[in-house]
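This briefing is meant to be read with the sequence and the coordinates open side by side. Please look at the aromatic side chains, then at the charged groups, the strands and the annotated segment.

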Amino acid sequence: MAAPGENLKINPDRLWDSLMEMAKIGPGIAGGNNRQTLTDEDAEGRALFQRWCEEAGCTMGLDTMGNMFARREGTDPDALPVYVGSHLDTQPTGGKYDGVLGVLGGLEVIRTLNDLGIRTRHPIVAVNWTNEEGTRFAPAMLSSGVFAGVLEEGWAKDRIDAKGKRFGDELKRIGWEGDEPVGARKMHAYYELHIEQGPILEAEHKDVGVVTHGQGLRWVQCTVTGKGQHTGSTPMRMRRNAGRGLAQVTELVHEIAMKHQPAAVGAIGHIDVYPNSRNVIPEKVVFTVDFRSHVLETLEAMVAELHEQAPGICKALGCDFEAEVVGAFDPPAFDEGCVTAIRNACERLGYSHMDVISGAGHDACWINRVAPTAMIMTPCVDGLSHNEAEEITKDWARAGCDVLLHAVVETAGIAE
């Protein structure tokens with residue numbers, strides 16, 4: 001399939017203006033956004049995206065999980081579409097670019113093709129996936145997971161937020177539940193543009209990250225049980241302090257991850273201490289270990305090492321240790337053809353680039369199971385994301401979206 005010419009580029013001012021206009025919906029308190037999924041602000045952002053898509057000549061599809069599909073027709077009625085997108089929902093203290101860049105980047109691809117009068121053989125569809133963040137309704141990537149057949153729709157719609165509100169009810173309330181069956185669409189390919197959410201590209205002075213793999217993860221919920229006693233009257237040598245078990249297992253997790261460098265990370269995030277009183281030695285600590293790697297064997301080895309070593313560490317403290325895997329996601333390898341199209345686009349356009357591993361989960365990780373998929377990443381300042389101070393430059397946005405345009409057009413094929 002013929003490659004597009006190097007002079008084919010997006011309108012960076014229009015892309016940037018769209019990002020800033022969307023950021024006015026659900027403003028945060030410190031310069032970012034709070035546009036959580038299935039809120040009134042989410043509905044308003046969706047309506048703006050739909051208006052822009054219709055103004056660009058697209059028809060909008062909507063499935064029963066609220067996923068939005070803006071279609072630009074191709075010249076071959078039998079050709080499967082090339083999909084491109086991400087998500088419009090944000091963290092409670094989110095930035096203006098996480099997810100949004102990919103959705104509006106997809107729209108900018110369509111707008112640019114309209115400007116230049118370029119027709120593609122395959123249709124192009126810009127996508128907004130519902131509830132990628134998973135902050136209000138866990139888990140993350142919920143609707144793309146249903147689309148890919150990984151999660152069951154009824155189960156997904158029964159997810160409850162912190163106020164007891166049900167996903168399915170809130171989707172209906174804001175008016176964005178469609179009639180189209182989830183997952184009925186077939187894809188020729190899927191591309192997702194996203195900020196890196198890490199510091200590597202900026203530190204290496206690269207314009208674009210070519211994402212070859214996503215990280216897999218294992219969440220291991222651990223329980224250390226000791227004995228709750230008075231902190232003032234219990235001799236040190238007679239204590240069974242579950243808090244010490246937490247401390248030493250925390251160090252073990254760090255050591256395990258360091259042993260498998262550079263292909264692994266690990267940490268303990270969520271922690272509950274019982275009875276959580278100032279003058280009571282912790283009798284029980286429940287915490288979750290988060291191991292991640294793009295190499296499946298490494299991921300499984302780290303979990304095995306935790307199960308092997310942690311019980312003995314806790315036993316030496318007079319405590320018991322139990323653990324179970326409560327979350328699992330095997331590392332995806334993205335499609336070689338799509339990855340090559342991205343890499344070739346960087347070369348053709350003269351943008352500096354490097355291969356990267358996605359440290360975060362994305363809708364592309366689920367869609368990779370049902371269609372050839374790849375991701376493009378742009379740098380972000382100090383690697384900061386999921387924070388209102390999240391920032392990128394217009395030049396970074398332009399480079400990423402130029403590469404997205406070329407990869408999508410090469411895959412969709414310019415009509416003769």
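What follows are notes on aromatic contacts, charges over rings, a hairpin and a recorded domain.

This is a predicted model, in which local features need pLDDT of at least 70 and side-chain atom pairs count only at pLDDT 80 or more, while totals for chains, interfaces and linings use all residues. Residues are numbered from 1 along each chain as its sequence is written, and side-chain values use heavy atoms, with hydrogens and water left out.

**Aromatic pairs**

- A search of the whole structure finds eight aromatic pairs, where rings of Phe, Tyr and Trp (its six-membered ring) pair if their centres lie within 6.5 Å, and planes under 30 degrees apart count as stacked, over 60 as edge-to-face and the rest as tilted.
- The ring centres of Phe-69 and Tyr-83 are 6.1 Å apart with the planes at 85°, so this pair is edge-to-face.
- Because Phe-69 belongs to strand β2 (residues 68-72) and Tyr-83 to strand β3 (residues 82-86), their pair ties together parts that are 14 residues apart in sequence; helices (H or I, at least four residues) and strands (E, at least two) are DSSP runs, numbered from the N terminus.
- Phe-69 and Tyr-83 are both buried, a term that means under 20% relative accessible area, with exposed being over 50% and partly exposed in between (1.4 Å probe, protein chains only).
- The rings of Phe-69 and Phe-147 have centres 6.2 Å apart and planes at 40°, so the pair is tilted.
- That pair links distant parts of the chain, with Phe-69 in strand β2 and Phe-147 in helix α4 (residues 142-147), 78 residues apart.
- The relative accessibility of Phe-69 is 0%, and Phe-147, at 6%, is buried.
- One aromatic cluster is formed by Phe-69, Tyr-83, Trp-129, Phe-147 and Tyr-190.

**Charges over rings**

- The charged end of Arg-159 sits over the ring of Trp-155, 3.9 Å from its centre, the criterion being NZ of Lys or CZ of Arg within 6 Å of the ring centre and within 35 degrees of the ring normal.
- Over the ring of Tyr-274 sits the charged end of Lys-284, 5.0 Å from the ring centre.

**Hairpin**

- Strands β1 (residues 59-62) and β2 run antiparallel and are joined by four bridges; strands pair if DSSP finds at least two bridges between them.
- Thr-59 stands opposite Arg-71 in β2.
- The hairpin of β1 and β2 has five residues between the strands, and Gly-66 there takes a positive phi near 85°.

**Recorded domain**

- An unreviewed UniProt entry places "domain: Peptidase M20 dimerisation" at residues 215-309; positions follow the numbering used here, feature names are shortened, and annotations may be inferred rather than shown by experiment.
- Residues 215-309 are 34% helix and 33% strand, with end C-alpha atoms 24 Å apart.
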